[in-house]
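Thank you for making time for this.

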Amino acid sequence: MERPEQGPGEPDSHPRANGCSLTGYGALRNGYVRGLPEAETQIHHIAHNGGLYRRPFNEDFEETPMLVAVLTYVGYGVLTLFGYLRDFLRQWKIEKCHHASEREEQKDFVPLYQDFENFYTRNLYMRIRDSWNRPICSVPGAKMDMMERLSHDYNWTFTYTGRVIKDVINMGSYNYLGFAQNAGICKEAAAKVLTQYGAGVCSTRQEMGNLDKHEELEKLVARFLGVEAAMTYGMGFSTNSMNIPALVGKGCLILSDELNHASLVLGARLSGATIRIFKHNNMQSLEKLLRDAIVHGQPRTRRPWKKILILVEGIYSMEGSIVRLPEVIALKKKYKSYLYLDEAHSIGALGLTGRGVVEYFGLNPEDVDVMMGTFTKSFGAAGGYIGGKKDLIDYLRTYSHSAVYAMSLSPPVVEQILTSMKCIMGEDGTTFGKECVQQLAENTRYFRRQLKKMGFIIYGNEDSPVVPLLLYMPAKVGAFGREMLKRNIGVVVVGFPATPIIESRARFCVSAAHTKEILDTVS
């Protein structure tokens, strides 16, 4: 049940920071609220931002316990010491050296890799390398088949036993709505298109690669998002990395969330624009950067910035948090900047009808200047899209490197997207798509509740299907992944440098295809 609106003079029995209820834990991280006594100076700001939200917005980021943090640093310290010891033994030929190294005649040249990167890879990463790149040999549905492999040289090389591990519960794929399957209407439609159009187009959209299916898909995506026009691309990563440079350049300013995806970071760097980072989901940090940008302008010349572009994601895939979009839009309007929203993980997974974080907050799509997303998660396909004003899309058709030089989407992939999107919209004549969206929301809340009941520290928003479970210590990262696989559960484990050094975690991805029995087995 939704929480009633607070009156102008009524005290709030559940204090909030940036519209976020302080539930479960007494303190949030990243500078939101460290404790209620210290938050008195933020009360006005909290009440003001709380009015932007039409529904409760609850996120938990429990501070790392001091003892756990100390033990984690000690663990990395011990691994580092043993790493230097093993390097010493390798240097004197006491231990066999497996890693690639420069020949003697190359010793005077600049090394190919930074010394610590190489050190980390061979002495820390190799210990738990078996936790990644596991080969899958089936459809990545609720359950999957996995090829068994062994290592006889401490994870430097792997050999396949020929055995297949059957029915491994899949908690690692971004198959949010369960459309990644080899049966049903999507498979039948894609197979039919495959016989008619073939597997590939072998050309770019501007040459001979523009099919009627591509035109149909772009019209459907625009209608699904509620925008004037949309353009699709063959790869989600390049949708960000190649389009941001087309939108901003030298003399422009990019304000990027510190936890943005690598594709956004690469696109920002390639653009040549000035980049400034604000703390994750911290609106005070973002507003300070906006204010400073308006007041001071460009460095040295003090000229006004040509454009100010804010880069954010709908759901942050490593934190499980949801962007504070109402506040971002309010700041964007206040300081006359532009907003680029990456909905790779939120489109299809949030909102009453799966239309993403904009629908989740009940906002107007026109308030987002560039709506980006991918088809690789909720739609069980490949590629990405950008939606917005028709003028924007017409501009990108001419100036985007992804549009001019990259291959267009494969016809069967296009049909997979068309069929799954129509299913979500209810245009297939059934309620199956709507039921999948609702099932995902129920599964997400249920799974998060179960893990919290067991005492685990869980990050992120209560409505996010990405569920990070904190492991902290480096020894736990590999051990957790191996023990889960022994129980026929496939899960992604993540550690430094992909996360902060004291925040190693396992990341569960909930799907509408998961049943209550499956989630009970995992938890």
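This is a predicted model: local features need pLDDT of at least 70, side-chain atom pairs count only at pLDDT 80 or more; totals for chains, interfaces and linings use all residues.

Let me begin with a question: what percentage of the 523 residues of the chain count as buried? The figure is 52%, where buried means under 20% relative accessible area, exposed means over 50%, and partly exposed lies in between, with a 1.4 Å probe and protein chains only. Residues are numbered from 1 along each chain as its sequence is written, and side-chain values use heavy atoms, with hydrogens and water left out.

The chain has 16 helices and 17 strands, these being DSSP runs numbered from the N terminus, with helices as H or I of at least four residues and strands as E of at least two. If we take contacts, meaning heavy atoms within 4.5 Å, and keep those with a separation of 6 or more, then residues 24 or more positions apart account for 69% of them.

Now to the helices, starting with α2, residues 66-91. The expected span of a helix is 1.5 Å times one less than its number of residues, and for the 26 residues of α2 this gives 38 Å, which agrees with the 38 Å between its end C-alpha atoms. The buried residues in α2 are Val68, Ala69, Thr72, Tyr76, Leu79, Gly83, Asp87 and Arg90. As background, residues three or four places apart in an α-helix point the same way, because there are 3.6 residues a turn. Arg90 counts as buried because its relative accessibility is 6%, and, not counting residues up to four places away in sequence, Arg90 touches Glu95, Lys96, Cys97, Arg122, Asn123 and Trp156. Just after α2, Lys93 takes a positive phi of about 65°.

Helix α5, residues 212-225, has 14 residues and reaches 20 Å from its first C-alpha to its last, close to the 20 Å expected. Its buried residues include Lys213, His214 and Glu218, along with Leu217, Leu220 and Phe224. The elements that cover the buried residues of α5 include α4, β6, β11, β12, α11 and α13. After α5 comes Gly226, with a positive phi near 80°.

How do α6 and α11 pack against each other, in angle and in distance between their axes? Helix α6 (residues 236-247) and helix α11 (residues 390-399) pack at an angle of about 110°, with their axes 10 Å apart; here axes are lines fitted to C-alpha atoms, for helices over the stretch in contact, and angles run from 0 to 180 degrees between N-to-C directions. The two helices, α6 and α11, are therefore roughly perpendicular, a label that covers 65 to 115 degrees, with angles under 35 counted as roughly parallel, over 145 as roughly antiparallel and the rest as oblique. On the α6 side the contact is made by Asn243, Ala246 and Leu247, which meet Leu392, Tyr395, Leu396 and Tyr399 in α11.

Val370 is in strand β11, residues 370-374, and counts as buried because its relative accessibility is 5%. Val370 and Ile393 are 23 residues apart in sequence and 9.5 Å apart in space, C-alpha to C-alpha.

Finally, the sheets, where two strands pair if DSSP finds at least two bridges between them. Strand β5 runs parallel to β15, joined by two bridges, and Asn170 stands opposite Gly490 in β15.

Another open sheet of three strands has the order β14-β17-β16 with antiparallel pairing. β14 and β16 each have a single partner strand, so one side of each is left without a neighbour in the sheet. The twist averages 25° from one strand to the next. Six bridges link β14 and β17, with Leu469 opposite Ala506 in β17, whereas three bridges join β16 to β17. Helix α14, residues 432-453, packs on this sheet, touching β14 and β17, and its direction makes about 20° with that of β14. Seven of the seven residues of β14 are buried, so β14 is largely enclosed by the rest of the structure.
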